[in-house]
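This briefing concerns the packing of helices and the pairing of strands in one protein model. Please keep the sequence and the structure in view while reading.

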Amino acid sequence: MDSKKQFFLECYQLGIIKFGRFTLKSGIESPFYVDLRPLASDPKILKRLANYLLDMLPLDNFDLICGVPYAALPMATAMSLESYLPLIIKRKEAKDYGTKKMIEGIYTKGQNCLLVEDVITSGKSLLETIPEIENEGISVSDIVVVLDRQQGGKEMLESKGYRVHTLFTISEVCKMLKEEGHLCDDEVLRIDDFLKGNMVKFEEKKRPSYEHKLKHADHSVAKKLLEISLEKKSNLIVSADVISTQELLELAEKVGPHIVALKTHIDIITDFDPDTTILPLKDLAAKYNFLLMEDRKFADIGNTQELQFSYGTYKISNWADFVTSHVIGGYDSLDCFLNVGVVAILGMSSKGTLTDKNYQDEALKIAQSHPNVIGGVSQKQIPEELLLFTPGVNMGESGDGKGQQYHTPEHVFRNLQTDFMIVGRGIYKAEDAEKAALNYKITGWNAYLESL
């Protein structure tokens, strides 16, 4: 493939950027004007553009592709043809006849859609488009943009948890044009001054510190978790997805000094016994000062959940400090979890999850109002009165081939403003689990501090 610079210069010859004095839609006077629609008139360039954009992306993460109307529609179409990702079309306005749909195409709830935009300024058009797609039960995690005007839109979208991939920035473009003699020093300086003086400003709400959350926490388990975090300078929860008591206890011994909680799936332990599994595990939790989080993901009517919680082989109520639960059974289904904290499953990290926007909104209302709930599991920001637990954190991989999509510690603390990251295979599958846990602990704590 030709060089990125050479490719841009060919695009530039189509008149996609003009320099001078232009009044933008916002009323601001700009020294440059960008219009990428001419690219659609050159099939060779459009095809190459599609491949440049696709090369930046983890394509296995996406089921669909959609262009923001109208300029990005031909780009998304070209990307669909090159990648074989099915295309859906988002209307600018719904038809007043027929189905009156905003989204056209073949799709199913739970699919993940890549969003394509030509130019990003404030990000407003994307914020209008994303909810209309998510309302169809389709998730949006990534946005690919041809040109970033560097006026705050990319940063604003990333602060809301979206990953934004940009092919060019206006600064990069100006540098290339200056090198080729298409721009003089005065023009570049004028553009630089414009960008510095006309950043789109958004109110930056700082994430609350652990100290702040501890001060305002009502539930005893939330308080204990935050106290441990501050004492150990850790926000790490290790997922112990092992299948024997020996593996469980050995892992707890190794990672105990570095974690705030150990997350168990106790029903996968093949040799479970209350005396030889739970009692030693509770001793280790006391020894290293961490809590036990049983990831049971309860999902039934209240009476059944109460039986599952307190009776049967595992008697979770006897030893777990907090548990996970779906809220599909409604508000009253959470009443049975006495003397423990509940982490509500608001959204899942797996590709194709059915926890669409409408479900997440309704689940969040329950989580905010129920006294047993201390927080939620989500891939997006949630209200600060709840603790946010983010699974799918891994420093070395983007996915596992089974639908699990990973995020880095930096991403979840900076962009999602998570409170606790949950790491599984990155630690229990590591050659040295203790060293890996320490590494994640340090990285996670530093990421938290940098996000304040």
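A residue is called buried when its relative accessible area is under 20%, exposed when over 50%, and partly exposed in between (1.4 Å probe, protein chains only). Helices (H or I, at least four residues) and strands (E, at least two) are DSSP runs, numbered from the N terminus. The model is predicted: local features need pLDDT of at least 70, side-chain atom pairs count only at pLDDT 80 or more, and totals for chains, interfaces and linings use all residues. Residues are numbered from 1 along each chain as its sequence is written, and side-chain values use heavy atoms, without hydrogens and water.

**Strand 6 and its partners**
- Strand 6 (residues 112–120) is mostly covered, with nine of its nine residues buried.
- Strand 6 pairs with strand 3 (residues 64–67) in the parallel sense over four bridges; strands pair if DSSP finds at least two bridges between them.
- In this pairing, leucine 64 stands opposite cysteine 113 of strand 6.
- Strand 6 also runs parallel to strand 7 (residues 139–148), to which eight bridges join it.
- Glutamate 117 stands opposite valine 145 in strand 7.

**Strands 10 and 11**
- Six of the eight residues of strand 11 (residues 291–298) are buried.
- Strand 10 (residues 261–264) runs parallel to strand 11, joined by four bridges.
- Leucine 262 has leucine 292 in strand 11 as its bridge partner.

**Helices 1 and 2**
- Contact (heavy atoms within 4.5 Å) is made by Lys4, Phe7, Glu10 and Cys11 of helix 1 and by Ile45, Arg48, Leu49 and Tyr52 of helix 2.
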